[in-house]
Amino acid sequence: MLSLLSYYRSETEDKREDISSHSYEIYNRFCDLLVKHYRDSREVAFYADKLQLTPKHFSKLVLDATGHTALFWIEQHIIIKAKQMLRSRLDLSIQEICYDLGFSELANFSRYFKRVTGYSPKAFRDNPALK
């Protein structure tokens, strides 16, 4: 299954002339960092620092390139990973999945998942109709 980031990259490839090449380059580098470090940090400042940019400037470049904030992409990437694991790794408890995704406490993961999706990790796992 393609991740949201890969999908967006392929969709914007043809429209690249409309996007500032610098913004697009930063977005692509951000995607690579996100795939590598999503377990380490969910903070925009972390990725901005890795790209040697201020968080404000980094956020503006990502917004210009994609129409969405860097925080949106971070959340979406983590939620896609969480959903994949909750559905495919039934051998793991929700707590084990939470640790694998870089959360230190199940309560934090559950609140994060529910804030972004509208339902708890358990409800998602138990109800195949939820997407």
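The questions and answers below concern a predicted model.

Q: What makes this protein one of helices and no strands, and what pattern does the sequence follow?
A: The protein has eight helices and zero strands. Read along the sequence, the elements give the pattern α-α-α-α-α-α-α-α.

Q: Why are helix 2 and helix 4 called roughly perpendicular to each other?
A: The axes of helix 2 (residues 21–37) and helix 4 (residues 55–66) cross at roughly 105° and come within 8 Å. Angles from 65 to 115 degrees count as roughly perpendicular; helix 2 and helix 4 are therefore described in that way.

Q: Which residues of helix 2 and helix 4 meet?
A: From helix 2, the residues are H22, S23, Y24, I26, Y27 and F30. Their partners in helix 4 are H57, F58, L61, V62, D64, A65 and T66. The residues of this contact between helix 2 and helix 4 divide into eight nonpolar, four polar and one charged.

Q: How do you know that the span of helix 2 agrees with its number of residues?
A: Helix 2 has 17 residues, and at 1.5 Å a residue it should span 24 Å. The expected span takes one less than the number of residues. The end C-alpha atoms of helix 2 are 24 Å apart, which agrees with the expectation.

Q: Which residues in helix 2 are buried?
A: Buried means under 20% relative accessible area. In helix 2, the residues that are buried are S23, Y24, I26, Y27, F30, C31, L33, L34 and H37. For the protein, 39% of the 131 residues count as buried.

Q: Why does S120 count as partly exposed?
A: The partly exposed class lies between the buried limit of 20% and the exposed limit of 50%. S120 has 26% relative accessibility and therefore counts as partly exposed. S120 is found in the loop between helix 7 (106–117) and helix 8 (121–126). Not counting residues up to four places away in sequence, S120 touches F113 and K114. The C-alpha atoms of S120 and S110 are separated by 6.0 Å, with the two residues 10 apart along the chain.

Q: Why does Q52 count as exposed?
A: Exposed means over 50% relative accessible area. The relative accessibility of Q52 is 74%, so Q52 counts as exposed. Q52 lies in the loop between helix 3 (44–50) and helix 4. Although Q52 is not a glycine, it has a positive phi of about 55°.

Methods
Residues numbered from 1 in each chain as written. Predicted model: local features only at pLDDT ≥ 70, side-chain atom pairs only at ≥ 80, totals over all residues. Heavy atoms only, no water. Helix = DSSP H or I, 4+ residues; strand = E, 2+ residues; numbered from the N terminus. Buried < 20%, exposed > 50% of the residue type's maximum accessible area, 1.4 Å probe, protein only. Axes fitted to C-alpha atoms, helices over the stretch in contact; angles between N-to-C directions. Parallel < 35°, antiparallel > 145°, perpendicular 65-115°, else oblique. Contact = heavy atoms within 4.5 Å. Nonpolar A, V, L, I, M, F, W, Y, C, P; charged D, E, K, R; others polar.
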